[in-house]
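Here is a short note to read beside the model. Keep the 3D view open as you go through the points.

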Amino acid sequence: MKPKISVLGTGYLGATHAAGLAEMGFEVIGLDVDAEKIAKLARGEVPFHEPGLGALMRTHTASGRLRFTTDYAQAAAFADIHFLAVGTPQSADDGAADLRYVDAAIDALAPHLTRPCLVVGKSTVPVGTAARLVDRLVSLAPAGGTVDLAWNPEFLREGHAVDDTLRPDRIVVGVRSDIAEKLLREVYAGIVERGTPFLVTDLATAELVKTAANSFLATKISFINAMAELCEATGGDVTTLARAIGHDARIGPRFLNAGVGFGGGCLPKDVRAFRARARQLGGEGAAALLSQVDAINLRARDRVLDMARDTLGGELAGRRIAVLGAAFKPDTDDVRDSPALDVAARAARAGAEVVVYDPMAAGAGAVARPELDFATSLESAVTGADLVMLLTEWEEFRLADPRRLATLVRTPRLVDGRNALDHQAWAAAGWSVRAPGRAPLAGQIPFDAPEAA
Ligand code: UGA
């Protein structure tokens with residue numbers, strides 16, 4: 001008989017994991033303390049935008065394979081394996097991970113564990129957390145030492161969450177026992193059969209793999225943004241540089257897109273949490289590296305703002321700026337720690353008249369930044385603008401016609417904060433173009449433009 005599974009915490013990670021497990025053929029119960037969220041999920045509705053997740057959710061809530069509850073006793077009675085997928089936000093003081101939700105979930109679950117079972121952490125936690133949770137579980141659970149703990153980090157990307165769950169690059173499991181390994185091999189058998197690597201480690205390594213992976217990705221982005229600073233100082237071109245080094249298979253071309261830097265609910269907080277943990281552990285080298293990664297990333301936002309100010313002759317106050325993008329990256333409505341919204345808000349604070357347009361994240365953006373104006377179309381956002389800033393590289397912006405947009409703005413000035421547009425084409429349509437790590441391009445007067453009076 002297949003093991004029955006619970007997923008504790010039904011945010012981005014938990015909801016996708018629960019639906020993915022149901023798709024893999026397991027009976028799953030998802031639990032959250034947020035009754036409203038649970039009611040939505042139980043109806044097959046997904047409270048955030050994620051391609052393909054709604055369909056999975058509807059299929060498996062309808063078939064009964066996927067259920068939801070707010071009751072820990074019910075989850076404990078039902079499942080043999082409990083995946084822990086609650087959030088680990090950044091704490092206010094030193095950037096360390098705030099583990100209150102992890103601890104609360106363990107404390108709420110453990111007293112109901114009356115038979116042998118496996119608890120599997122998926123949340124991103126500081127190394128050493130799992131070892132501490134083992135003691136907590138064993139002391140609080142009536143089933144005592146027959147309750148085991150494993151750690152199984154998750155690498156899904158927003159916007160690709162379903163695919164990353166059903167077809168991951170690798171599966172990493174940190175275990176303390178052969179039984180735990182056997183159970184997790186059973187859970188992921190279908191995926192492993194298709195050739196996905198399955199790596200078995202101790203608990204500490206599994207915890208570290210996750211923070212190391214996100215920190216490496218962040219380092220790659222900050223590295224190229226540091227190169228962008230040098231390109232600007234020397235007249236080099238960072239996009240050509242990235243392409244050239246990316247051809248080296250040891251470096252690879254991905255995550256070398258210079259611009260306004262990384263944001264979102266994971267990379268920024270994970271870098272800071274890892275730095276805080278490295279400091280506690282005496283890992284000064286790692287802590288110093290991660291401090292620089294964070295500093296370069298935040299500087300990328302300052303530099304894009306400086307570029308805007310410079311383009312406008314030194315003053316943002318009183319100028320109308322169209323900000324294209326609010327989400328932290330395209331194809332999501334997530335605005336957590338979004339560089340786009342941060343830059344937009346800072347331009348507004350400096351006195352600019354900022355209008356933001358995002359094809360999907362305007363609602364979330366308006367909640368996060370009620371002081372900003374949000375337009376309902378690209379055209380209305382750019383109409384009358386003194387400057388257009390592209391800060392999230394949505395396809396709609398890549399496909400936009402620079403000649404048409406040039407007729408709507410007051411002055412065709414572009415800051416491409418993501419290096420996403422065809423600068424030659426925009427310059428040919430009359431736009432002056434600035435972008436991180438690139439030389440400025442002057443706008444050409446288009447052949448069919450009416451002659452200046
Ligand atoms: C990231 C990781 O990629 C996932 O593997 C991980 O599972 C996830 O965090 C997590 O810990 O949950 P995600 O936050 O969805 O996924 O977004 P990414 O695609 O990694 O992008 C992060 C940020 O980096 C975005 O703001 C993006 O615009 C920026 N970025 C990305 C760049 O500035 N340049 C690049 O070349 C690539």
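**Cavities and ligand site**

1. Helix H10 supplies the largest share of the lining of the second largest cavity, 4 residues. Helices here are DSSP runs (H or I) of at least four residues, numbered from the N terminus. Helix H13 (284-311) also supplies at least two residues of that lining. The second largest cavity has a volume of about 50 Å³.

2. A word on the basis. This is a predicted model: local features need pLDDT of at least 70, side-chain atom pairs count only at pLDDT 80 or more, and totals for chains, interfaces and linings use all residues. Residues are numbered from 1 along each chain as its sequence is written, and side-chain values use heavy atoms, without hydrogens and water.

3. A cavity is a set of points on a 1 Å grid over the protein atoms alone where a 1.4 Å probe fits but cannot get out; lining residues have an atom within 4 Å of a point. A volume is the space filled by probe spheres set on the points, which are joined across faces, edges and corners.

4. The largest cavity has a volume of about 70 Å³. H12 gives the most to its lining, with 5 residues.

5. H10 gives the most, 4 residues.

6. Where does the ligand lie? Domain 1 (5-201) and domain 2 (303-434) both give residues to the shell, so the ligand lies between them. The domain bounds come from an automatic or database domain assignment.

Technical notes:
On a 1 Å grid over the protein atoms alone, a cavity is a set of points where a 1.4 Å probe fits but cannot get out, and a pocket is an open set with protein on both sides within 12 Å along at least five of seven lines; lining residues have an atom within 4 Å of a point.
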